[in-house]
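Please keep the sequence and the model in view while reading.

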Amino acid sequence: MLIDIITIFPDYFRAVFDYGIVRRAAAAGLVQIEAHDLRGWTIDKHRMVDDRPFGGGDGMVLKPDPIFAAVESLTGARGAAELAGTGVRVVLLSPQGRVFDQRVAEELAGAERIVFICGRYEGVDERVVEMLVTDEISIGDYVLSGGEPAAAVVVDAIVRLIPGALGSETSATNESFSEGLLDFPHYTRPPEFRGLRVPEVLLGGNHAEIARWRRQKALSKTRRNRPDLLERVALTEAERAWLAEEEPENFSGE
Ligand code: 9D3
């Protein structure tokens, strides 16, 4: 997979992708990530990437011409029509996008090539959205100062889904959000830390009992922190009964 990032802060990404799974995937040749300075595609002597909004208002807007030049020179395609045939995804990070989640990550992970455009200032000229962008994505309902941290999040989530990126010991499909529930609590040594005991069930070897305990903890944590997820998950009759019985006041950590 080839990932290009168009940004006015290319250095932001140097450190971000230099760690962990993303670094390993790049070293293994599974992905190549290139951050490009949008100013490199300006042609005026002040290298202007932004301008004042037509119709008035606060803030500046990213100009269309350097962004079109960047995407077209990186992909070799001219405009949306030509781009459409190539299978290249052009992703704009913007507060107006559809909200990113694991399903969107899985969809994008299937692409051979993705170009990310990081929004800045008040926004990006809408002709970019209409004629160049295949996916407008937000990472959630909070205000960032630009698309760069959002691009870092989206790239991280995608790269770990590339076959081979996680190594042989772990599978990306066996993870928290794919199950529809939050993860169960984890403990490691020592069995007692500052008087706090690891739950007894985990110290014994009863694997059926451990599996049941973990499922119940996942259910109660999901109900407490993400009730929206619980509505969409298929529960057994026994799980329903157990949840109905459990008193919210008895949640650990309450
Ligand atoms: C919708 C907010 N805008 C009107 C008041 C102002 C504005 C806020 C933040 C305009 C641009 C930005 C910069 N944010 C992003 O570029 C961005 C973002 C975000 O702020 N939150 C979640 N996901 C994303 S992806 C890109």
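A residue is called buried at under 20% relative accessible area, exposed at over 50%, and partly exposed in between, using a 1.4 Å probe and protein chains only. The model is predicted, so local features need pLDDT of at least 70 and side-chain atom pairs count only at pLDDT 80 or more, while totals for chains, interfaces and linings use all residues. Residues are numbered from 1 along each chain as its sequence is written, and side-chain values use heavy atoms, without hydrogens and water.

**Aromatic rings**

Rings of Phe, Tyr and Trp (its six-membered ring) form a pair if their centres lie within 6.5 Å; planes under 30 degrees apart are stacked, over 60 edge-to-face, and the rest tilted. The structure holds 2 aromatic pairs. The Y12 and F13 rings have centres 5.1 Å apart and planes at 75°, so this pair is edge-to-face. For F13 and F17 the centres are 5.8 Å apart and the planes at 15°, so that pair is stacked. Y12 counts as partly exposed because its relative accessibility is 36%, whereas F13 has 3% and counts as buried.

**Ligand site**

| Residue | Protein atom | Ligand atom | Distance |
|---|---|---|---|
| S138 | side-chain N or O | nitrogen | 3.4 Å |
| I139 | backbone N or O | nitrogen | 3.0 Å |
| G147 | backbone N or O | oxygen | 3.3 Å |

Taken alone, the ligand exposes 580 Å², of which the protein buries 75%; areas come from the Shrake-Rupley method with a 1.4 Å probe, and for residues only the protein chains shown count as cover.

S138 belongs to strand β8 (residues 135–138). Helices (H or I, at least four residues) and strands (E, at least two) are DSSP runs numbered from the N terminus. S138 is buried, at 5% relative accessibility. A polar atom of the S138 side chain lies 3.0 Å from the backbone nitrogen of G140. Contact means heavy atoms within 4.5 Å. Beyond its neighbours within four places in sequence, S138 contacts S94, P95, G97, R98, V99 and F100.

**Helices and a loop**

Helix α3 (residues 64–75) is mostly covered, with 9 of its 12 residues buried. Among the buried ones are I67, F68, V71 and L74. Just after α3, G76 takes a positive phi of about 80°.

Helix α10 (residues 207–225) has buried residues I210, W213, Q216, A218, L219, S220 and T222. What do the buried residues of α10 pack against? They pack against α9 (200–203), α11 (227–230) and α12 (237–245).

V233 sits in the loop between α11 and α12 and is buried, at 14% relative accessibility. Not counting residues up to four places away in sequence, V233 touches E179, G180 and L181. The C-alpha atoms of V233 and G180 are 5.9 Å apart, although 53 residues separate the two along the chain.

Notes
Polar contact = N/O pair within 3.5 Å; in protein donor to acceptor, adjacent residues only side chain to side chain.
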